[in-house]
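Colleague: I am new to these terms. Can we go through them one by one?

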Amino acid sequence: MIRRFGESPEAGRTYTRRIGVYSLLPQGNRLLLTCQTEPGPDLQLPGGGIDPGESPITALHREVYEETGWLIAAPRRVGAFRRFTYMPEYDLWAEKVCLIYRARPVRRMGPPTEAFHEALWMEATDAVHLLGSEGDSFFAQRYLQGL
């Protein structure tokens with residue numbers, strides 16, 4: 001069973017399952033994160049949904065690049081969680097299944113290509129308390145503990 005974070009699903013509400021990939025991107029004591037400014041702001045692990053026909057690893061590379069402008073290497077899956085939430089950008093109630101990876105940020109190619117996203121480096125100890133998702137915070141804390 002996949003660990004759940006956040007609110008319990010509401011009885012009678014229909015949720016669409018959305019599988020996504022997200023990454024811990026450490027460099028020393030810092031993590032590369034993304035801040036989604038609309039409808040936010042919301043501090044997040046970089047990542048997002050897997051497109052139809054796309055592999056999780058391909059999606060991870062694409063999503064990290066879109067949200068941070070960085071290329072990554074050596075992704076390794078470290079866990080998963082799920083949460084039930086409303087996604088205003090899609091006007092959708094979703095059961096998000098979040099596959100968490102750890103990867104190495106290799107090179108910044110430019111600014112994020114996805115609108116309303118800003119890449120930022122943050123001390124991992126601060127990120128644990130500031131990430132908008134309890135699941136993201138849990139995995140940032142695990143990183144601090146040596147995963």
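Modeller: Start with burial. Buried means under 20% relative accessible area, exposed means over 50%, and partly exposed lies in between (1.4 Å probe, protein chains only). This is a predicted model: local features need pLDDT of at least 70, side-chain atom pairs count only at pLDDT 80 or more, and totals for chains, interfaces and linings use all residues. Residues are numbered from 1 along each chain as its sequence is written, and side-chain values use heavy atoms, with hydrogens and water left out.

Colleague: Why is Arg62 called partly exposed?

Modeller: Its relative accessible area is 21%. That is between the 20% and 50% cut-offs, so Arg62 is partly exposed.

Colleague: What makes Glu63 buried?

Modeller: Glu63 has 8%. Buried means under 20%, so Glu63 is buried.

Colleague: Why does Asp91 count as exposed?

Modeller: Its relative accessibility is 59%, over the 50% cut-off, so Asp91 counts as exposed.

Colleague: How do you know that Asp51 and Arg62 meet in a salt bridge?

Modeller: A salt bridge needs a side-chain nitrogen of Lys or Arg within 4 Å of a carboxyl oxygen of Asp or Glu. Here the N to O distance is 3.5 Å, so the pair qualifies. Asp51 lies in the loop between strand 5 (47-49) and helix 1 (56-68), and Arg62 in helix 1, so the pair ties together parts 11 residues apart in sequence. Helices (H or I, at least four residues) and strands (E, at least two) are DSSP runs, numbered from the N terminus.

Colleague: What makes Glu66 and Arg62 a salt bridge?

Modeller: Their closest N and O atoms are 3.3 Å apart, so they pass the 4 Å rule. Both lie in helix 1, four residues apart.
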